[in-house]
Amino acid sequence: MDELNSPHTGVLGRMPSVLSNGTASYLLPVGDARLPIDQYLGAHVSLSPTGRIFCLNCGRKTSRSFAQGHCYPCFTSLARCDLCIMKPETCHFEQGTCREPEWGLTHCFAPHLVYLSNASGPKVGITKPGQVPVRWIDQGASQALVIFRVATRYQSGLVEALLRERVSDRTQWQKMLKGAPLPVDLPALRDSLMDELGENIDALINRFAPGEIQPVNESVWSLEFPVSTWPEKVKAWNLDRHDRVEGVLQGIKGQYLLLDTGVINIRKFGGYEVTLDIEPIAGHAAPATDDLFS
């Protein structure tokens, strides 16, 4: 783990996160440096793009980033960039057209979860067991509840598509960044969905071998985020249009840095090379690193 003793120049990547005592904690990757960014609340931060973009998969220089950090050849050849990743119910593995069959067997033919969450309001989503609670942190969710365990990603997509008839699968990112949403009784929502869609859910369960799609009764997760001040209006910084992004760091939520001048989605600009500078806070010692990410 790194402290900021001088400006760092390197490629941005998705911010790793963990949940510690109910609150998300983040690292900001800039090249080889990994900065405990939530410990710099109140500091003046600046990000200056160098104009160079690199593929996070193959490392080649590219003029444009696709799918959050890929060059065009990787974007068109990797299974993880295919439409079926966003819409698993459209999986075409059985047709023999998967871009990377071995990758698909490892990543798609594996257990998945279907959940309800609350980031800007109720939504349905899917993730892998190993991505709990990171998926919900990335989403900026204040609450989450697992409601199904399934055997494959395709099955999770079918369940999600069914529930999507009653609950959105989208987050309103601007609303999400304005503060914690009003609490939702997720178990009650789960129960009402089971009642309303019961026949269709049973029919879907019966399409597959016993136990492959299982409703579950689990506890609600509660998450908080390191934010000192919520923005009243959400203005987004864009590294394609701005030569310098700067302001006082007021918080982190989802994959966004919240500055007093606007917000920036770090994951959106994965692969962009930047120079990061953080001015020390007067009278404060440099943030101490910890073992949360070790």
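Trainee: Which residues is L257 in contact with, leaving aside its neighbours within four places in sequence?
Mentor: This is a predicted model, where local features need pLDDT of at least 70, side-chain atom pairs count only at pLDDT 80 or more, and totals for chains, interfaces and linings use all residues. Residues are numbered from 1 along each chain as its sequence is written, and side-chain values use heavy atoms, without hydrogens or water. Contact means heavy atoms within 4.5 Å. By that rule the partners of L257 are M15, L28, I37, L249, G251, I252, G262, V263, I264 and I266.

Trainee: Which members of the largest nonpolar core touch the most other members?
Mentor: A nonpolar core is a set of buried Ala, Val, Leu, Ile, Met, Phe, Trp, Tyr and Cys residues joined through side-chain atoms within 4.5 Å. A second, separate core of 21 residues includes I126, L145, L204 and F208. In the largest core, with 44 residues, the members asked for are L28, I37, L257 and I264.

Trainee: Is T275 buried or exposed, or in between?
Mentor: Buried means under 20% relative accessible area and exposed over 50%, with partly exposed in between (1.4 Å probe, protein chains only). The relative accessibility of T275 is 26%, so T275 counts as partly exposed.

Trainee: With which side chain does the side chain of T275 make a polar contact?
Mentor: T275 touches P7, H8, T9, S46, L47, S48 and T50, not counting residues up to four places away in sequence. A polar contact is a pair of N or O atoms within 3.5 Å; within protein, one must be able to donate a hydrogen and the other to accept it, and residues adjacent in sequence count only if both atoms are side-chain atoms. At 2.8 Å, the partner side chain is that of T9.
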